[in-house]
Amino acid sequence: MPGKAAAATGQAAVKPAPNGHAETTFAEHVATGRLTAQRGLYAGPAPIVSKDLYSELEFGSVARERGEITLEPGTKVTGNTYFGRFPASYWQRWTHVKEVTVEAVVTGDGTLTIGASDVEGDARVVAAEIVKGASATAFTLTAKLDKFYDGGALWLDLETEAAQTLKVEQVRWTVESPEKIRPTAVTICTMNRADDCLKNLQALAGDISSLDTLDAIYVADQGTDRVDSRDGFEQVAKDLGAKLHYITQPNLGGAGGFTRGLYEVAGHTATEHANVLFMDDDVLLEPDLVIRMTAFSNRTVDPVIVGGQMLNLLHPNQLHVGAEYANLNTLEPGKPVEHSLSTADLLGIDEETLKPNRQERRLDAGYNGWWSCLIPYEIVKAIGYPMPFFFQWDDAEYSYRARGAGFPTVTLPGAGVWHADFHWKDWDEWHRYFNLRNSIITAALHSPFNTNLVARVLAAQVVRYLLGMQYGLTATLIKAVEDFLEGPEILRDGGVAAMKEIRRIRDDYPETKRHNATDVPGIASNDIGILNSAPRPSLQRVILLKRVLDRILGRHRHSLGAVPTDEANWWHISLFETVVVTDASQEGVRVRKYDRDKMFTLAKRAARVINRLRKEGGAVKEQYKRATPELTSRENWKRLYEL
């Protein structure tokens, strides 16, 4: 049957485990057919997802369903879309594959065309087939992967003329299989998001094609509101059968949850050629992601980390970023790689080029977020497990460590999941501690770590925070730097004590708490009016010095006002004595009040600890380097899991 994925001669062995759950023993499978690299789909996994992300109607009338499409007379549909495109450039650069075949079952009359683009997005036709009087007939079209090194993609276009109708279904993009197929396990880390996690298990269980590529699914539940407490869990456990491994463990953050999957696979594998696919619990899953990422990994010349892309859940047409890197010198994650799409409307056009927002140019990623990220076991054997960071920067640190050992990260276009938009999360939260502390550790491990530069970066952050009356955030930064200077011993418990301590510290600062906008403590709701910000000053240093002087002298231009979150800049917030700032979540407000004593106390503490970092950072860096093999060892994680 056209489109059938490469099959295995046997399934992974399953045996009873002491805890009553089945254990999967991972072994390579012998392929008996072509490998499905991706499916041709025509509707998304949920109604909020536009069908235009899968195919676009250029003219005429069409009916689009998940696995099939029907064109009325005089219609043209293009697959030159986010999910419709085959990332030819990435397959040519990273894999053994020399050509790809589109397989489909067709009924009716019309034309099937494989279109292609180059690095500039200019389109051409590479194969076409005229269909006449087909009745559930299998058709194939083949395209070479030979002119895409710097960029470009392939896609399937469909067209009917007057009096023609055409139904196309079971579309598959297939490539030659390797001799053996890697076993793959999905690992989902969850913490009190039982409903979200259950939905993703149901999505996998309901999509046989993606499930067929998986040997196991591990759920590491670290919460008190457990997934197995939900009514639908019993049924999904039946549907997934022996593939599902539900594990409860202490809360060790995202690093501990995801690493558990690596730990389990490593303990039950007969081959080093295994994959572990990390997946967040709160994503809207496109199950085809599993097929796309595992197929790509099965054909790469050498092991690479394969990352999936993130689309914004609140704005489902938006791509978060095409590929990203971290500027380790300035402790900045999430920087778009040059030429990368960033917060791009995938159904819109680029304002400068007036071309559709398509990622034509092939990009080299620095790292990939763990919303969806596949790690081959060979890499784990070579460099160890993730650092026990609790969360934040664990993904970046692992990718940069892998790159140092010769294993790059490839962010694969078209392999996407929807995740909550990052810019709707407020920066002034307890997790900022882990972001700061772990960024400094990562920089110490994988950059020249110029402590003078890092000190200047942190000092600039302190000045902005104090001008903005974010005293709790300043205390958070101080604690992060102090704990970095404590050395690797701070990571010994996986971050549990640090999480509790930073929450306790922040609890003493009122501006870290969110309030209902109509119930702000001590302020009448009707007294709060919006005062908008001026544009970014052209003479920033002059304005900065003026604002610092005003703060020192206790001078304020406004006694009270409200400021939208996108205008809460230091040059504006520093004009207020009391300011009500919208939380980035848009679900409430924060109240910032000028406190001269806190400002001076925190400024002195920050100056001392940043100066310590400048002087002692080099020696502490060596401590972390020496401790890394032990911190990232299987034995250390076994201890943390209390096994």
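What follows is a conversation about selected helices, strands and residues of a predicted model.

Visitor: What pLDDT do local features and side-chain atom pairs need in this model?
Guide: This is a predicted model, in which totals for chains, interfaces and linings use all residues, whereas local features need pLDDT of at least 70 and side-chain atom pairs count only at pLDDT 80 or more. Residues are numbered from 1 along each chain as its sequence is written, and side-chain values use heavy atoms, with hydrogens and water left out.

Visitor: How many residues of α6 are buried?
Guide: A residue is called buried under 20% relative accessible area, exposed over 50% and partly exposed in between, using a 1.4 Å probe and protein chains only. The buried residues of α6 include D288, R292 and R299 as well as L289, V290 and F296. Helix α6 is mostly covered, and the number of its residues that are buried is 12 of 12.

Visitor: At what angle do the axes of helix α2 and helix α4 cross?
Guide: Axes are lines fitted to C-alpha atoms, for helices over the stretch in contact, and angles run from 0 to 180 degrees between N-to-C directions. The axes of α2 (residues 194–205) and α4 (residues 233–240) come within 10 Å and cross at roughly 35 degrees.

Visitor: Which residues of α2 and α4 make the contact?
Guide: Contact means heavy atoms within 4.5 Å. By class, the contact of α2 with α4 has 6 nonpolar, 1 polar and 1 charged residues, where Ala, Val, Leu, Ile, Met, Phe, Trp, Tyr, Cys and Pro count as nonpolar, Asp, Glu, Lys and Arg as charged, and the others, Gly among them, as polar. The contributors from α2 are L198, L201, Q202 and A205, and those from α4 are F233, V236, D239 and L240.

Visitor: Which residue of β17 is the bridge partner of I188?
Guide: Two strands pair if DSSP finds at least two bridges between them. Strand β14 (residues 184–190) and β17 pair in the parallel sense over 6 bridges. Within that pairing, the partner of I188 in β17 is M279.

Visitor: In which sense do β17 and strand β23 pair?
Guide: V276 stands opposite I375 in β23. Strand β23 covers residues 372–376, and over 5 bridges its pairing with β17 is antiparallel.

Visitor: Which residues lie on the two faces of β17, and are they buried or exposed?
Guide: Strand β17, residues 275–280, is mostly covered, with 6 of its 6 residues buried. One side carries N275, L277 and M279 and the other V276, F278 and D280, and these are all buried.

Visitor: Why is one side of β25 and of β27 left without a neighbour in the sheet?
Guide: The open sheet has 3 strands in the order β25-β26-β27, with mixed pairing. β25 and β26 pair in the parallel sense over 5 bridges, while β26 and β27 pair in the antiparallel sense over 5 bridges. One side of β25 (558–563) and of β27 (589–593) has no neighbour in the sheet because both strands stand at the edges, each with a single partner strand.

Visitor: Which residue in the turn between β26 and β27 has a positive phi?
Guide: β26 and β27 form a hairpin with 6 residues between them, and T578 stands opposite K593 in β27. In the turn, the residue with a positive phi, of about 65 degrees, is Q586.

Visitor: Is F449 buried or exposed?
Guide: F449 has a positive phi of about 55 degrees although it is not a glycine, and its place is in the loop between α9 (432–446) and α10 (451–467). At 6% relative accessibility, F449 counts as buried.

Visitor: Is E642 buried or exposed?
Guide: E642 is found in the segment after α16 (634–640) and has a positive phi of about 60 degrees although it is not a glycine. At 64% relative accessibility, E642 counts as exposed.

Note on methods
Helix = DSSP H or I, 4+ residues; strand = E, 2+ residues; numbered from the N terminus.
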